[in-house]
Amino acid sequence: KVDPRISVKVEGSLNLAPDVQQGIIVKDIWKLIEEYHYKKVTFNDSLSSVIFDSYIKKLDPGKSYFLKSDITDFEKYRNVFDDDLRSGDLSVAYYIFNTYQKRYLETLRFALSQVNNSFDFNADESLVYNREKLPWLNSKAESDDLWTKRVKYDLLNLKIADTSQTKNIETIKKRYENLI
């Protein structure tokens, strides 16, 4: 039976949780990789760190959802990620995912709430759409500012396509609702 080391529950997420079968499967896969992979992979803290970074990057490649405080919170699991997977404990992976899901839903709901704003498309502003090389967002306020600009950017792109503002707003609303 999987005995989670930490609670996977994150208020504001759907609180997905690993089941016993998933723990058994990850444990078996880990054993296969360690014993039968042609490279004879040795799992250690260094590889754990690589797996940890890869997991977070796969969830939020554009650094648009997680906050810096989330990443700081996750750091305590960096060197035990491999040990947990080896033992079949997926609680850290699910905790990180549930935190991502919470931020994702919060962000899209916020973006959806901004769609009806009157935007000044002549304002001198900038938006870095691909934030992969930038640092994590420092605060909810910084996230809100980014996503207000992204909504404005999305509306501007539709406006350039020469469609009506009403239709553009409906298109953006549907897009964000579908993502949620």
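**Exercise 1.** Determine which residues line the largest cavity and which elements supply them.

*Solution.* The lining of the largest cavity consists of Tyr65, Leu67, Arg103, Glu106, Thr107, Lys140 and Ser143. Here a cavity is a set of points on a 1 Å grid over the protein atoms alone where a 1.4 Å probe fits but cannot get out, and lining residues have an atom within 4 Å of a point. Two or more of the lining residues come from each of α5 (91-114) and α6 (140-160), and α5 gives the most, with three residues. By class, the lining holds two nonpolar, two polar and three charged residues. The space in this cavity is about 40 Å³.

The model is predicted: local features need pLDDT of at least 70, side-chain atom pairs count only at pLDDT 80 or more, and totals for chains, interfaces and linings use all residues. Residues are numbered from 1 along each chain as its sequence is written, and side-chain values use heavy atoms, with hydrogens and water left out.

**Exercise 2.** State what lines the largest pocket and how the residues of its lining divide.

*Solution.* A pocket is an open set of points with protein on both sides within 12 Å along at least five of seven lines. The residues lining the largest pocket include Asp120, Phe121, Lys149 and Tyr153. Its lining divides into five nonpolar, one polar and four charged residues, and about 160 Å³ of space lies in the pocket.

**Exercise 3.** Classify the ring pairs Tyr100–Tyr104 and Phe119–Phe121.

*Solution.* Rings pair if their centres lie within 6.5 Å; planes under 30 degrees apart are stacked, over 60 edge-to-face and the rest tilted. The count comes to 14 aromatic pairs. For Tyr100 and Tyr104, the centres are 5.8 Å apart and the planes are at 35°, so the pair is tilted. These two residues are four apart in helix α5, and therefore about one helical turn separates them.

**Exercise 4.** Identify which charged residues lie over the rings of Trp136 and Trp147.

*Solution.* The criterion is NZ of Lys or CZ of Arg within 6 Å of the ring centre and within 35 degrees of the ring normal. Lys63 lies over the face of Trp136, 5.3 Å from the ring centre. The charged end of Arg150 sits over the ring of Trp147, at 4.3 Å from its centre. Ring pairs place both Trp136 and Trp147 in a cluster with other residues, among them Tyr65 and Tyr100.

Key. Points joined across faces, edges and corners; volume = space filled by probe spheres on them. Nonpolar A, V, L, I, M, F, W, Y, C, P; charged D, E, K, R; others polar. Phe/Tyr/Trp six-rings, centres within 6.5 Å; stacked < 30°, edge-to-face > 60°.
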